[in-house]
Amino acid sequence: RPQFFLSGVGWFLLTVMGQMCDIKKEWGVDVPSFCFGAGVVLYVVIVTCVFLASSQAENIQRSPAMFLFIAPPSVAAVAAMNFDGTFGQTSRYLFGWCLLLLPLLLRMAHAIFDNVPSAFGINWAYVFPLAGISTASAKYADVEDTMGSSKICYALTVLSLAILGLVLYVQTRTMVQVMRGKEGFWGDPVVTANLHQF
């Protein structure tokens, strides 16, 4: 399931937090590097599993959670930058991968207009990955300091804010329709998963 990308991005977030705290100096153990390695391996495994599953299940292809493909490498680009002290080759490779994925995933963004999402808040999966790639683009533009890199940064920031506004609008509209009784209720995936266990 694409949702497993959240666990992958967590390792890169731990890397960035460990770098900010300078935990290597405090503990004498290079925990950020360990977390980065775990995140890379987990990302590769999850990408492989999601690609294999998406060829068999069409509902995965239309899932907003597919946008989570972008989150781990965009946060990893920032983490790699912190290792190198600059937006070096590793960061550029990861950022380039994100830029390649973005147009492919934007083709599926029309699912945001589905009448009632399968679970409350599922459309918020569009927001965090775009914020991550916008952050990576800002770091890249800061290092490159060129017109082209600034244009990429502005475009991704505007896209990120536009999607945030769109998701907020769609979510608010759907909540109002559900409260008025015009739409069905959302299923709670946690409750549903627990009921299937018994």
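A residue is buried under 20% relative accessible area and exposed over 50%, with partly exposed in between (1.4 Å probe, protein chains only). The model is predicted: local features need pLDDT of at least 70, side-chain atom pairs count only at pLDDT 80 or more, and totals for chains, interfaces and linings use all residues. Residues are numbered from 1 along each chain as its sequence is written, and side-chain values use heavy atoms, leaving out hydrogens and water.

**Exercise 1.** State what share of the protein's residues is buried, then classify Cys 21 and Cys 35.

*Solution.* Step 1: 39% of the 198 residues count as buried. Step 2: Cys 21 has 54% relative accessibility, so Cys 21 is exposed. Step 3: Cys 35 has 8%, so Cys 35 is buried.

**Exercise 2.** Count the helices and strands of the protein.

*Solution.* Step 1: helices (H or I, at least four residues) and strands (E, at least two) are DSSP runs, numbered from the N terminus. Step 2: the count gives 9 helices and 0 strands.

**Exercise 3.** Check the span of helix H8 (residues 147-179), then describe its buried residues and their cover.

*Solution.* Step 1: the expected span is 1.5 Å times one less than the number of residues. Step 2: H8 has 33 residues, so it should span 48 Å; the end C-alpha atoms are 48 Å apart, which agrees. Step 3: the buried residues of H8 include Cys 153, Leu 156, Ile 163 and Val 167. Step 4: with contact meaning heavy atoms within 4.5 Å, their cover includes helix H6 (89-106) and helix H7 (127-144). Step 5: just after H8, Gly 181 has a positive phi of about 85 degrees.
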